[in-house]
Amino acid sequence: MNYVMSFIVGGLICTIGQIIIDIFKKNNAYLLVLLVVTGVVLGFFGVYDKLVEIGHSGATVPLLGFGNSLVKGAMEEAASKGFMGALGGGVMKTAPGVAAALLFGYITAVIFNPKGKK
């Protein structure tokens, strides 16, 4: 059942994103920022944890999950180190994921030798 709920929640997040793109006709960068900020706001108010309980990895993998990780890290570090901890906590919490994305992106580019647009 976890797989089904992951698929449903992740699919709903993507569907909402596609509807936003189709309705507002904005660049995809606007949607990316909107999703991260939405994840931050939902994480701050504790709503995102309930979504993760329902949707499992379908809720943690998209950009909403990245925003949630940012706010969780900032809140944890702020509790222990104060204001300066809040500034660096989100970066510390998300650094492994960002580093992995860069590494795997580089490896993929080396293996498949992408060509630029003409």
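Is Glu-76 buried, partly exposed or exposed? Glu-76 counts as partly exposed, at 45% relative accessibility. Here buried means under 20% relative accessible area, exposed means over 50%, and partly exposed lies in between (1.4 Å probe, protein chains only).

The structure is a predicted model: local features need pLDDT of at least 70, side-chain atom pairs count only at pLDDT 80 or more, and totals for chains, interfaces and linings use all residues. Residues are numbered from 1 along each chain as its sequence is written, and side-chain values use heavy atoms, with hydrogens and water left out.

The protein chain has six helices and zero strands. Its elements run α-α-α-α-α-α from the N terminus on. Helices (H or I, at least four residues) and strands (E, at least two) are DSSP runs, numbered from the N terminus. The C-alpha atoms fill a box of roughly 50 × 35 × 30 Å, taken along the principal axes. Of the 118 residues, 22% count as buried. The chain exposes about 8600 Å², and carbon and sulfur atoms supply 74% of this area. Accessible areas come from the Shrake-Rupley method with a 1.4 Å probe; for residues, only the protein chains shown count as cover.

Contact means heavy atoms within 4.5 Å. Among contacts between residues at least 6 apart in sequence, 56% join residues at least 24 apart.

The largest nonpolar core has seven residues: Val-9, Ile-13, Leu-31, Leu-35, Tyr-48, Ala-59 and Leu-64. Helices α1 (2-24) and α2 (28-44) are the elements that give two or more residues to this core. A nonpolar core is a set of buried Ala, Val, Leu, Ile, Met, Phe, Trp, Tyr and Cys residues joined through side-chain atoms within 4.5 Å. Ile-13 touches Gly-58, Ala-59, Pro-62 and Leu-64, not counting residues up to four places away in sequence.

Ser-6 is placed in helix α1. Ser-6 counts as buried, at 12% relative accessibility. Leaving aside neighbours within four places in sequence, Ser-6 is in contact with Gly-55, His-56, Ser-57 and Gly-58.

A nonpolar patch lies on the surface, formed by Val-33, Val-37, Val-41, Phe-44, Phe-45, Val-47 and Met-75. Together these residues have about 670 Å² of accessible area. Patches are made of residues with over 30% relative accessible area and no salt bridge; like charges are joined within 9 Å, nonpolar side chains (Val, Leu, Ile, Met, Phe, Trp, Tyr) within 5 Å. Helix α2 supplies the largest share, four residues. Val-47 lies in helix α3 (residues 47-55) and is partly exposed at 43%. Phe-45 is exposed, with a relative accessible area of 62%.

The structure holds one aromatic pair. Phe-44 and Phe-45 form this edge-to-face pair, 5.1 Å centre to centre with 80° between the planes. Rings of Phe, Tyr and Trp (its six-membered ring) pair if their centres lie within 6.5 Å; planes under 30 degrees apart count as stacked, over 60 as edge-to-face and the rest as tilted.

Three salt bridges are found in the whole structure. A salt bridge is a side-chain nitrogen of Lys or Arg within 4 Å of a carboxyl oxygen of Asp or Glu. Lys-72 pairs with Asp-49, the closest N and O atoms being 3.2 Å apart. Lys-72 lies in helix α5 (residues 63-81) and Asp-49 in helix α3, so the pair ties together parts that are 23 residues apart in sequence. Glu-76 and Lys-93 also meet in a salt bridge (3.7 Å, N to O). This pair links helix α5 to helix α6 (residues 83-112). Lys-81 forms a salt bridge with Glu-77, at 3.3 Å between the closest N and O atoms.
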